[in-house]
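Dear colleague,

Please find below the structure I promised to pass on to you. My notes on what was found in it follow directly after.

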Amino acid sequence: MKTVSISLDSIEKVKSFVNTISKYNFDFDLVSGRYVIDAKSIMGIFSLDLTKPIDLNIHSDGDELDSVLEDLKPYIRN
């Protein structure tokens with residue numbers, strides 16, 4: 001599992017993010033404070049406070065992880 005901090009500060013960014021991760025067959029969780037939601041759920045994402053940092057847990061290892069991280073570059077906070 002890999003955890004990265006992401007930013008989803010607009011409706012378009014949320015839609016694009018969900019479309020990006022939905023093409024992968026493994027699980028993604030978003031963690032904000034004590035809340036953990038399925039990152040592939042648009043409704044779940046909008047239930048979070050998107051003004052705060054959000055951690056994305058990626059439940060994958062190996063070659064697929066590199067591909068996911070490349071696809072997620074526009075959302076990852078530095």
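In this predicted model, the largest nonpolar core holds 22 residues, and those that touch the most other members are Ile-6, Phe-17, Phe-28, Leu-30, Leu-56 and Ile-58. At least two residues of this core come from each of strand 1 (2–6), helix 1 (11–22), strand 2 (28–32), strand 4 (54–58) and helix 3 (63–71). Helix 1 contributes the most, namely four residues.

Phe-17 deserves a separate paragraph. Leaving aside residues up to four places away in sequence, Phe-17 touches Ile-6, Leu-8, Leu-30, Ala-39, Ile-45, Leu-56, Leu-72 and Tyr-75. Both Phe-17 and Tyr-75 are buried.

As to the aromatic rings, there are four aromatic pairs in total. One of them joins Phe-17 and Tyr-75 in an edge-to-face arrangement, with 5.5 Å centre to centre and 75° between the planes. This pair connects distant parts of the chain, since Phe-17 belongs to helix 1 and Tyr-75 to the segment after helix 3, 58 residues apart. Elsewhere, Tyr-24, Phe-26 and Phe-28 are linked by ring pairs into a cluster.

Finally, the surface. Ile-11, Ile-42 and Phe-46 make a nonpolar patch of about 260 Å² there. Phe-46 is part of helix 2 (residues 42–46). The relative accessibility of Phe-46 is 37%, so this residue counts as partly exposed, the range for that class lying between the buried limit of under 20% and the exposed limit of over 50%.

With kind regards

Methods
Residues numbered from 1 in each chain as written. Predicted model: local features only at pLDDT ≥ 70, side-chain atom pairs only at ≥ 80, totals over all residues. Heavy atoms only, no water. Patch = residues over 30% accessible without salt bridge, like charges linked within 9 Å, V, L, I, M, F, W, Y side chains within 5 Å. Areas by Shrake-Rupley, 256 points an atom, 1.4 Å probe, with all protein chains shown as cover. Salt bridge = Lys/Arg side-chain N within 4 Å of Asp/Glu carboxyl O. Buried < 20%, exposed > 50% of the residue type's maximum accessible area, 1.4 Å probe, protein only. Core = buried A, V, L, I, M, F, W, Y, C linked by side-chain atoms within 4.5 Å. Contact = heavy atoms within 4.5 Å. Phe/Tyr/Trp six-rings, centres within 6.5 Å; stacked < 30°, edge-to-face > 60°.
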